[in-house]
2 protein chains.
Amino acid sequence: MDTFKTHLDKFITISEEEYVSVLSFFEVVEVKKKQTLLFDGEVCKSMYFVSKGCLRKFFVNEKGVEQTTEFAVENWWITDTFAYERQIKTEFNIQSVERSSLLVIDLETQELLLKKHPVMERYFRMIYQRAYAASERRIRYLYEMSREELYVHFSTQYPWFIQRIPQYLIASFLGFTPEYLSEIRAKLRS
Amino acid sequence: MDTFKTHLDKFITISEEEYVSVLSFFEVVEVKKKQTLLFDGEVCKSMYFVSKGCLRKFFVNEKGVEQTTEFAVENWWITDTFAYERQIKTEFNIQSVERSSLLVIDLETQELLLKKHPVMERYFRMIYQRAYAASERRIRYLYEMSREELYVHFSTQYPWFIQRIPQYLIASFLGFTPEYLSEIRAKLRS
């Protein structure tokens with residue numbers, strides 16, 4: 001069974017025939033590890049669905065350090081939503097963390113898809129609702145927790161994530177240096 | 001002209017007749033200043049649309065201090081999305097900042113609305129997309145800017161907001177004490 005179909009089935013009711021048509025609006029893209037899909041300064045044309053693998057979104061801060069703000073693993077979407085819906089230049093980069101298999105759609109094609117398959121409005125509504133709910137909680141954590149507490153929270157809630165993602169990227173996500181992350185890990189082990 | 005109709009017209013095409021039916025799914029609620037609509041520990045049953053006025057969402061941190069994570073002025077929605085979609089207990093409070101006029105809907109009624117008027121799936125998809133885009137940018141600011149820079153950014157981008165919202169709530173939103181906010185304001189004026 002196609003993973004995207006299994007994923008859609010969690011949100012909407014869609015027949016095999018309709019699914020074949022829905023899928024035809026997407027481009028299947030295979031990327032190697034550390035391949036950049038979107039560059040800072042480029043118009044953000046597409047949304048990326050991860051069928052297999054992992055992508056990350058990051059910006060380069062004033063000190064020239066990469067700051068990761070988001071990861072997307074299987075069954076998650078990733079883009080710069082603000083730039084995508086306005087079709088303007090992004091200030092983010094999107095890069096593969098692992099060799100990945102993606103479904104890619106651009107705004108114009110997405111509009112055609114939504115016109116032909118209105119049930120996909122419901123799907124995307126639920127996806128954005130879920131994403132927004134996650135970001136509301138994340139904003140609260142950013143207020144509430146120290147960086148160290150965020151790491152502990154993260155490694156307790158998502159141990160598979162800590163296992164899977166290279167340590168220097170977890171550091172980049174939490175705003176640590178890799179050295180500081182090693183220190184925290186050593187402290188927590190002791 | 002009804003403000004909710006004017007708002008909907010920005011996202012979807014809807015006739016007067018259909019609008020009358022859509023509106024019938026909502027409850028119009030008038031609240032005074034500082035009235036609590038949702039309490040921490042209560043099941044989050046509703047979403048709130050601000051027709052007039054201002055609401056805020058906050059939690060009480062470990063030190064017993066109210067931390068505001070979100071404001072909603074005219075034409076914005078507010079709820080604890082995570083708790084709302086699961087119909088579980090919230091860990092937030094929602095309170096009016098000003099005397100406000102609201103449209104309120106609960107999850108079950110919203111489902112009936114979406115079933116009867118599928119065009120509202122498109123509307124909510126766009127609303128969540130916009131909200132998610134805003135939160136993506138906000139998360140970046142939380143990584144990138146000091147609290148003081150956030151205040152400067154805020155007051156440059158949204159001067160009307162700084163004018164409108166009581167200073168102790170802006171402090172609560174930025175994670176300052178009201179005294180520290182006064183200091184920053186004095187420093188910026190000098």
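Of the area that chain A buries against chain B, A:Y132, A:R140 and A:Y143 supply 21%, more than any other three residues. The model is predicted: local features need pLDDT of at least 70 and side-chain atom pairs count only at pLDDT 80 or more, whereas totals for chains, interfaces and linings use all residues. Side-chain values use heavy atoms, without hydrogens and water, residues are numbered from 1 along each chain as its sequence is written, and chains are lettered from A and ligands numbered from 1 in the order in which they are written.

The contact (heavy atoms within 4.5 Å) takes 36 residues from chain A and 36 residues from chain B. The rule finds 10 salt bridges across this interface, a salt bridge being a side-chain nitrogen of Lys or Arg within 4 Å of a carboxyl oxygen of Asp or Glu. One of them joins B:R122 to A:E111, with the closest N and O atoms 3.2 Å apart. On the side of chain A that touches chain B, at least two residues each come from β4 (55-60), β5 (66-72), α3 (81-86), α4 (107-116) and α5 (119-144) of chain A; helices (H or I, at least four residues) and strands (E, at least two) are DSSP runs, numbered from the N terminus. The element that gives the most to this side is α5(A), with 19 residues.

α5(A) also provides the largest share of the lining of the largest pocket, 11 residues. A pocket is defined on a 1 Å grid over the protein atoms alone, as an open set of points where a 1.4 Å probe fits, with protein on both sides within 12 Å along at least five of seven lines; lining residues have an atom within 4 Å of a point. The largest pocket has a volume of about 1100 Å³, volume being the space filled by probe spheres set on the points. Its lining comprises 41 residues, and A:F71, A:W76, A:A134, A:R138 and A:Y158 lie nearest its centre.

The second largest pocket holds about 910 Å³ of space. Among its 35 lining residues, B:W76, B:A134, B:R138, B:F154 and B:Y158 are the closest to its centre. Here α5(B) gives the most to the lining, with nine residues.

Definitions and conventions: Buried area is the accessible area (1.4 Å probe) that two parts lose on being put together, summed over both.
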